[in-house]
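Trainee: I would like to go through some of the labels used for this structure. Please show it to me first.

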Amino acid sequence: MFFVHVNERDRRTGPLLGPEVKIFDPRDESTGSRGSELLDASITQRGEQWCLYLAGQEDGHGATDIYAAFLPSGAPLSANGWQLQRGSEGRLTAVAPRTCSRAWDGNGGRHCPSYVKGWDNRRREWVERLYYAGAAEHLWGPYTIGFLEWDGERWADQSEPVFSANEDWEHGSVYEPNLIYHEGKWKIWYVAGSNQEDYLVHGYAESEDGRSGWSKHVLFAPPEMKLFDFCVRPRQGSFDAIFARVWVGSGAPPPETGLWWCRAAAPYSRLSEWSEPVQIMTAEDRGWRSGPWKPSFQFYEDEGERALLFFDGCYRTSDPGPFPFAFTLGCADVHLPAKV
């Protein structure tokens, strides 16, 4: 597969990335993080309010959980003005307690949320869910995938995961879910394998109710691509996707590390059926981030070409110990032409 890096010369014909903005950084007081690591954004609009659902660790330790940030009700989509949901004492408030899910996500935490609204064909009603990867043992997995569901008043956790590894090539762990509901199916793109093994492979499956009866898990993209977080959005009767290519090996990341964009007439189950991917962000060190991953984006208008793109990053710290890094969340405007 041939890849193209886009720069300023492609302003009229290709995607164009605007200036990057840092949203949350645990060591930057101006971001309002107050020492907490907040990343893995999933952006959506609920009613008149824009919402970010995030995975993170309050004060930088403990099992990860899912938190929320909001723009003021009625405010337009923007990189600025996000306020974290906090309790009366100013501490972060997780969107849901572990009333039922502790057995499968209590020790390793909740990771990489993906908001989706779809039809529950068993209850015969529309439902809102936050899918996420949960780890029963420790922070590094292995993972299964489940969801929180909005019950009309709160996000309710579930007693069991709904999606698990069942193919040899998944190496017993599935995570980084990205879902849409389309033509009566809940469709999931996900990562399998593990960073520790330097083995990452992307899979795809679909279900009529999003909790059972999943189709055969198929290989969406091969492990040599190191493809992460295939985030899909509808536009003008077709579909756009932004995904990450990551580097978890030793040495400097190769030039293909970063964020990529592609389009398709339908949300296909194999990357080869999508348009030729185009790189829109590299792994260049910006001081507060390098090697971006976990993209989540939203078009300003349904038929427009401007989108707000959120992504994760990290930077090295001087802290002692085996993991001297801090995680950050950034965003940027991106121009994505309707025709490529």
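Trainee: Why is G146 called buried?

Mentor: Buried means under 20% relative accessible area, exposed means over 50%, and partly exposed lies in between, with a 1.4 Å probe and protein chains only. G146 has a relative accessible area of 0%, so G146 is buried. Keep in mind that this is a predicted model, in which local features need pLDDT of at least 70 and side-chain atom pairs count only at pLDDT 80 or more, while totals for chains, interfaces and linings use all residues. Residues are numbered from 1 along each chain as its sequence is written, and side-chain values use heavy atoms, with hydrogens and water left out.

Trainee: Which residues does G146 touch?

Mentor: Contact means heavy atoms within 4.5 Å. Leaving aside residues up to four places away in sequence, G146 touches W104, L130, Y131, Y132, P161 and V162. Between L130 and G146 there are 8.3 Å in space, C-alpha to C-alpha, and the two are 16 residues apart in sequence.

Trainee: Where is G146 found?

Mentor: In strand β9, residues 143–150. Strands (E, at least two residues) and helices (H or I, at least four) are DSSP runs, numbered from the N terminus.

Trainee: How do you know that β9 and β10 pair?

Mentor: Two strands pair if DSSP finds at least two bridges between them. There are 2 bridges joining β9 to β10, and these strands run antiparallel. E149 stands opposite A156 in β10.

Trainee: What makes β7 and β10 edge strands?

Mentor: An open sheet of 4 strands has the order β7-β8-β9-β10, with antiparallel pairing. β7 (109–120) and β10 (155–156) each have a single partner strand, so one side of each has no neighbour in the sheet.

Trainee: Is E256 called buried, partly exposed or exposed, and why?

Mentor: The relative accessibility of E256 is 30%, so E256 counts as partly exposed. E256 lies in the loop between β16 (238–245) and β17 (258–264). Not counting residues up to four places away in sequence, E256 touches R245 and Q279.

Trainee: What makes the pairing of the side chains of D105 and R98 a polar contact?

Mentor: A polar contact is a pair of N or O atoms within 3.5 Å; within protein, one must be able to donate a hydrogen and the other to accept it, and residues adjacent in sequence count only if both atoms are side-chain atoms. The side chains of D105 and R98 make such a contact at 3.0 Å. The side chain of D105 also makes one with the side chain of S101, at 2.9 Å.

Trainee: Why is D105 called buried?

Mentor: Its relative accessible area is 0%, so D105 is buried. D105 is found in helix α1, residues 102–105.
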